[in-house]
Amino acid sequence: MSNKPNPINTIQEKLRSLFGRTQAASNKKPGAPLLNFWTVLIIFWGLVYLQQSFFAPKTETIPYSRFKQAMAEGSVDDILIGPEKIEGILKGVQGQKFVTVRVNDPGLAKEMDERKIQYSGRTENRFWGILLSWVLPLGFLFLIWRFTAKNMGGSGVMSFGKNKAKIFAESDTRVSFEDVAGIDEAREELEEVVDFLTTPEKFQKLGGRIPKGVLLVGPPGTGKTLLARAVAGEAKVPFFSINGSEFVEMFVGVGAARVRDLFSQAAAQAPCIIFIDELDALGKARGMNAMGGHDEREQTLNQLLVEMDGFDTNKGVIIMAATNRPEILDPALLRPGRLDRQVLVDRPDINGREAILKIHSRQVVLGDDVDLSKIAGRTPGFVGADLANIVNESALLAARSNKDMVEPSDFDEAIDRVIGGLQKKNRVMNAREKEIVAFHESGHAIVAESVAFADPVHKISILPRGIAALGYTQQQPTEDRYLMTRSELLDRLAVLLGGRVAEELVFNETSTGAQNDLQRATDIIRSMVAEYGMNEKIGLVSYDRPRTPMFLPQGYSSEKNYSEETAARMDEAVSLMMEEAHLRVKKILSDKRALLDKLAALLAIQETVRGEELRDMM
Ligand code: ADP
Ligand code: MG
Ligand code: ZN
């Protein structure tokens, strides 16, 4: 460096003092943002200003020709030749400093020697230049990014996948089976899971492997989340709960990292429960999205499958998941060794509803004349969440009119309010509809028990299940079937028609409730006629029926490969077979009319009837 006073030194000092101060400030609060956003902004502009004010005004930039001219006049001195610039002092003008851009001029040194001008070369010290022009803006951008990341709630660069805040384990959910009612079948199945967690040795003693996963399936509000928490509460194990949608992130790979994180945290705290609520958000079948799949979701789902396979249940981690749309889940999730146990969490029947009302009115001051069983009778189709809502609403209503206790009229009003909301969602039946559905389902059930080859009835219910069905008759297959005979198909057809025929017999009137039954019945007959060669008139021919290929968009179908005449003959054969089946079912149900009435009446009261009860009645 030259012995001249150098403005850069003063900048160095300024910078040192500036950074020194801010560092001291940040040392006081470890963990706080390094620099406040506005401080950074002000410092940055300050530096730019300093740079301008120190360099610009004191030196004059002159053309090279002028420099040569001045040299010829002998009015320059103290030349400093850098790689790009030449600096020096113009004599005469009070030692005005100048700078000129260096031009390739080999004779320069010689010329200066001749004129006895003092000169020296220098390598440019570009450190501060680099700092100002590169490092500072970059550092500045980095700080802005950190600042915004902080504001968005992220926890910094390194912990993207970690995000410990969201995956938290409740050490005690403070929920027990006492808090759950009306879904006894589901509860019984889950009591086994509690045993797995509390006394695993008992099951491992004989070499058995504890199941990995349980999937709770049922309509919204039936208590799936509650039940999962109750299992954790009963087993007194930590409860890791995460919502399926929380896995699906904006950044590819983050969801997968989160899954890994969840499982490694859980493994460290075993025995414990991992609960994935609303699994459908994450576990939609891969490749279902025609418009190019959701990469991130698929990656996350794959990671979940990998983790499920990878851990050992004997360490005591059990996965639970809940969904109200099991049909869209990826089949790989339901494979043995993953969520292989499925527990149906159904709408509660009348007794269940009374029990749920009892639970939720534990903290409520009820008047003596409030009859919870009556309220249960008035609320068919309501789920646990609706009932909890009713109790709460009526307590609020009573409080609003300054009563000392909740009276039946408060409940009436609360029910009306909730029903109003539910009617919009089509979930409440009126008395007439309830009667029709009771006869319809009784018809299915009685035909199923009367024909030779139908599966035995497991349960009849007039409570809606899923979105479309008003009630249902559940049959339980006694064995696996790979082939069906003609008689079996005809019996299945008869069961499907049972509902519609019962309506005809009893009300002399038909309803729209049988649409799905008729569709399935027609499907069976058409297959018998056109594919299985089971109709004498059409004969032993199997015509390819136009189908929608599974992996192509709807509406794409192959051409039919038979003539219009054949089509007409097949249509005729189909309606003839339907007619026969109709007559057969009509005969069965007319013969058992007394039983039909009895079963429908029982259904109207109980809402659900078990298969054994029906067989006892017969
Ligand atoms: P889901 O997860 O099936 O949608 P939740 O478990 O979230 O339903 O239920 C919501 C609330 O409704 C619960 O917190 C509870 O207060 C009440 N609830 C639902 N089902 C029941 C039930 N079977 N017994 C008692 N309370 C219930
Ligand atoms: Mg839930
Ligand atoms: Zn039906």
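The model is a predicted one. Ligand 1 has 15 residues around it, and helix α8 gives the largest share of that shell, 3 residues. Helix α8 also packs against helix α6, with axes that come within 9 Å.

**Polar contacts of ligand 1**

- The side chain of His-360 has an N or O atom 2.8 Å from a nitrogen atom of the ligand.
- Leu-226 takes part through its backbone, where a polar atom is 2.9 Å from an oxygen atom of ligand 1.
- Thr-222 also takes part through a polar backbone atom, which is 3.2 Å from a nitrogen atom of ligand 1.
- On its own, ligand 1 has 560 Å² of accessible area, and the protein covers 78% of this area.

**Packing of α6 and α8**

- A pair of packed helices is described by the distance between the axes and the angle between them.
- Helix α6 spans residues 184-198 and helix α8 spans residues 224-235; their axes come within 9 Å and cross at roughly 35 degrees.
- The crossing of α6 and α8 is right-handed.
- On the α6 side, the contact is made by Ala-186, Leu-190, Val-193, Val-194, Leu-197 and Thr-198.
- On the α8 side, Leu-227, Val-231, Glu-234 and Ala-235 make the contact.
- By class, this contact has 8 nonpolar residues, 1 polar residue and 1 charged residue.

**Backbone details in loops**

- Lys-236 is not a glycine, yet its phi is positive, at about 55 degrees.
- A cis peptide bond joins Ala-270 to Pro-271, with omega near -5 degrees.
- Pro-271 belongs to the loop between α10 (254-268) and β9 (272-277).

Note on methods. Residues numbered from 1 in each chain as written. Chains lettered and ligands numbered in written order. Predicted model: local features only at pLDDT ≥ 70, side-chain atom pairs only at ≥ 80, totals over all residues. Heavy atoms only, no water. Axes fitted to C-alpha atoms, helices over the stretch in contact; angles between N-to-C directions. Helix = DSSP H or I, 4+ residues; strand = E, 2+ residues; numbered from the N terminus. Left-handed = near helix turned anticlockwise from the far one by under 90°. Contact = heavy atoms within 4.5 Å. Nonpolar A, V, L, I, M, F, W, Y, C, P; charged D, E, K, R; others polar. Near = heavy atom within 4 Å. Polar contact = N/O pair within 3.5 Å; in protein donor to acceptor, adjacent residues only side chain to side chain. Areas by Shrake-Rupley, 256 points an atom, 1.4 Å probe, with all protein chains shown as cover.
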